[in-house]
Amino acid sequence: MDKVRDTYVTGPAKAREPYAASTTKIRDTHVAGTMKVKIGLSDKIIRTLGYIIVTIHALACVVPFLIIIGTSFTEETVIRAEGVQLFPKDFTVEAYKLVIGGGTIWKSYGLTIMMTFCGTFLGLGIIAMTGYALQRKDFPFRNAISFYIYFTSLFSAGLAPYYLLMTQTYHLKDKYLAVFLPLLMTPWLIILMKNFVKAIPHEITESGKIDGAGDMRIFISLILPMIKPALATVGLFLALGYWNEWYQSSLFLSSKVDVKPLQYTLYEVVNKVQSLKNSVAGNYVTITDLPTESLKMANAVMATGPIIFLYPFVQKYFIGGITVGAVKG
């Protein structure tokens, strides 16, 4: 009985082995065949040229920044004699010591980071709601308001009326709101957001109303999740605007303000060193000891370094957001 049971059990298994092996072989052959794609000579040439062009373009973007970093750690005498350096010669950190000296730079970093975060968050909310409202077909004044916003991007009253408005009417002289408020809304970003939201079918809004949702609930629950590329793009532009801001600070923040935004603080450092070289006090200091050129490079590294790390997190959304409306379907 045991022999019969063993034969019954092992027999079918042995009988299935050739079939299983052949099936595995056919499957592997099919998978291998589908993964092999024949590329013609013209496709290979085009791909090779594409790789070469992209590599050259990438090097053209990366190498200048590496030169800035290398020069910032190079002695001033070497820069004057040999020019900028990709690899530091006579390594020194005097330029960074001059920038960091006094500790004011870290307060400026904190102020700029806080303004960038708050401004980007609030600006995104305002611009997204404005763009959504301006594309609603049931909003009666959407065309007039859109024209008003677009008109302000083409014409302005000028610097003098703007300065008087901010200082005499709003009384924002020597206040951070004078720097913070003007950057919250940009006409071009509102138009960009409007065009992106316009691509979302209006039936989605109508379906939310049928379900009894209000406008704010529709905007938060239905519209916002669908405009992530636009939010990432607009958010990046807002963050860059706040991070690189110095012009508003030069207009409205005087010496009475102890802590100023980062870019304007670095701008003042360079100006002070330059004025020291041109003044009588510079006669008591060896001119070559003042790291003028390396100081400029160190400022560029400290100003652009942190914001560079933000781009990889929004890169996948950035291209989709910036090209919105380029193709009409």
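Author: A term to begin with: buried means under 20% relative accessible area, exposed means over 50%, and partly exposed is in between, using a 1.4 Å probe and protein chains only. This is a predicted model, where local features need pLDDT of at least 70 and side-chain atom pairs count only at pLDDT 80 or more, while totals for chains, interfaces and linings use all residues. Residues are numbered from 1 along each chain as its sequence is written, and side-chain values use heavy atoms, with hydrogens and water left out.

Reader: Thanks! What share of the residues in the protein chain is buried?
Author: Of its 329 residues, 31% are buried.

Reader: And how many helices and strands are there?
Author: The protein chain has 16 helices and zero strands. Both are DSSP runs numbered from the N terminus: helices are H or I with at least four residues, strands are E with at least two.

Reader: Which residues have the most contacts inside the largest nonpolar core?
Author: Those are I127, M193, I223, I227 and V234, in a core of 20 residues. A nonpolar core is a set of buried Ala, Val, Leu, Ile, Met, Phe, Trp, Tyr and Cys residues joined through side-chain atoms within 4.5 Å.

Reader: Which helices supply at least two residues each?
Author: α5 (104–135), α9 (187–198), α11 (215–223) and α12 (228–243) do. The one giving the most to this core is α9, with six residues.

Reader: What does I223 touch?
Author: Leaving out residues up to four places away in sequence, I223 touches Y132, V197, I200, T205 and I218. Contact here means heavy atoms within 4.5 Å.

Reader: Switching topic: is S108 buried or exposed?
Author: S108 is buried, because its relative accessible area is 0%. This residue lies in helix α5.

Reader: What joins the side chains of S108 and T265?
Author: A polar contact of 2.8 Å. That term means a pair of N or O atoms within 3.5 Å; within protein, one must be able to donate a hydrogen and the other to accept it, and residues adjacent in sequence count only if both atoms are side-chain atoms.

Reader: Last one: why does I56 count as exposed?
Author: I56 counts as exposed because its relative accessibility is 54%. Its place is in helix α2 (residues 41–72).
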